[in-house]
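This report is intended for a reader who is meeting the structure for the first time. Please keep the sequence and the model in view while reading.

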Amino acid sequence: MKKILLSLMIFVTLTGLSLAQNEKKTLKLKVPELNCKMCSFNVEQSLRKLKGINKYELNLDYETVTVQFDENKISAKEIIDALKKIGYDPYEIK
């Protein structure tokens, strides 16, 4: 019984550690002038090059980009800087 409990405690501890290491954050950005297919193509190409982004969604009607990312691999600032580098001026919205 003690071995089972010990094994269970180790499993729970290791599982908790692996979940903590893969923290997913969501960043919602307003990206003025993101209003055409070529704009969305450019933004998507930029986001695809970044390591640590799990998924993203662009909304041309509202000029927004929502990005889910692993904060242990990339920061919100790095994502914003990547979009600035291609000529946009994104800012975080809540």
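## Ser40, a buried serine

In this predicted model, Ser40 has a relative accessible area of 11%. Buried is the term for residues under 20%, so Ser40 is classed as buried. The residue lies in helix H2. A polar atom of the Ser40 side chain is 2.8 Å from the backbone oxygen of Lys37.

What does Ser40 touch, once its neighbours within four places in sequence are left aside? The residues in contact with Ser40 are then Leu34, Leu58 and Leu60.

Ser46 is found in helix H2, which spans residues 37–48. Ser46 is buried, because its relative accessible area is 10%, and buried applies under 20%.

When residues up to four places away in sequence are not counted, Ser46 touches Ala82, Leu83 and Ile86. With one of these, Leu83, the C-alpha separation is 6.9 Å, although Ser46 and Leu83 are 37 residues apart along the chain.

## The sheet

The model contains an open sheet of 4 strands, arranged in the order S2-S3-S1-S4 with antiparallel pairing. Its edge strands are S2 and S4 (91–92), each of which pairs on one side only. In general terms, the strands of a sheet pair through backbone hydrogen bonds, in either a parallel or an antiparallel manner.

Strand S3 (residues 64–70) is mostly covered, with 5 of its 7 residues buried. Strand S1 (residues 24–30) runs antiparallel to S3, and 7 bridges join the two. Within this pairing, Leu27 has Val67 of S3 as its bridge partner, while Leu29 has Val65 of S3. Strand S2 (residues 53–59) pairs with S3 over 6 bridges, also in the antiparallel sense. Here the bridge partner of Leu58 in S3 is Val65.

## Helices against the sheet

## The nonpolar core

The largest nonpolar core has 17 residues. Which of them touch the most other members? They are Val43, Leu47, Val65 and Ile79. S1, H2, S2, S3 and H3 each supply at least two residues of this core.

Leu47 illustrates how such a residue is surrounded. Not counting residues up to four places away in sequence, Leu47 touches Ile53, Tyr56, Val65, Val67, Ile79 and Leu83.

## Salt bridges

The model has 4 salt bridges. One of them joins the side chains of Lys30 and Glu63, at 3.7 Å from N to O. This pair links distant parts of the chain, since Lys30 is in strand S1 and Glu63 is in the loop between S2 and S3, 33 residues apart.

Other salt bridges lie within helices. Glu44 forms one with Arg48, the closest N and O atoms being 3.2 Å apart. Because Glu44 and Arg48 are 4 residues apart in helix H2, about one helical turn separates them. Glu44 is partly exposed, with a relative accessible area of 24%, and Arg48 is exposed, at 52%.

In helix H3 (residues 76–85), Lys77 and Asp81 are likewise 4 residues apart, about one turn of the helix. Their side chains meet in a salt bridge with an N to O distance of 2.7 Å. Lys77 is exposed, with a relative accessible area of 55%, while Asp81 is partly exposed, at 33%.

Notes. Residues are numbered from 1 along each chain as its sequence is written. This is a predicted model: local features need pLDDT of at least 70, side-chain atom pairs count only at pLDDT 80 or more; totals for chains, interfaces and linings use all residues. Side-chain values use heavy atoms; hydrogens and water are left out. Buried means under 20% relative accessible area, exposed over 50%, partly exposed in between (1.4 Å probe, protein chains only). Contact means heavy atoms within 4.5 Å. Two strands pair if DSSP finds at least two bridges between them. A nonpolar core is a set of buried Ala, Val, Leu, Ile, Met, Phe, Trp, Tyr and Cys residues joined through side-chain atoms within 4.5 Å. A polar contact is a pair of N or O atoms within 3.5 Å; within protein, one must be able to donate a hydrogen and the other to accept it, and residues adjacent in sequence count only if both atoms are side-chain atoms.
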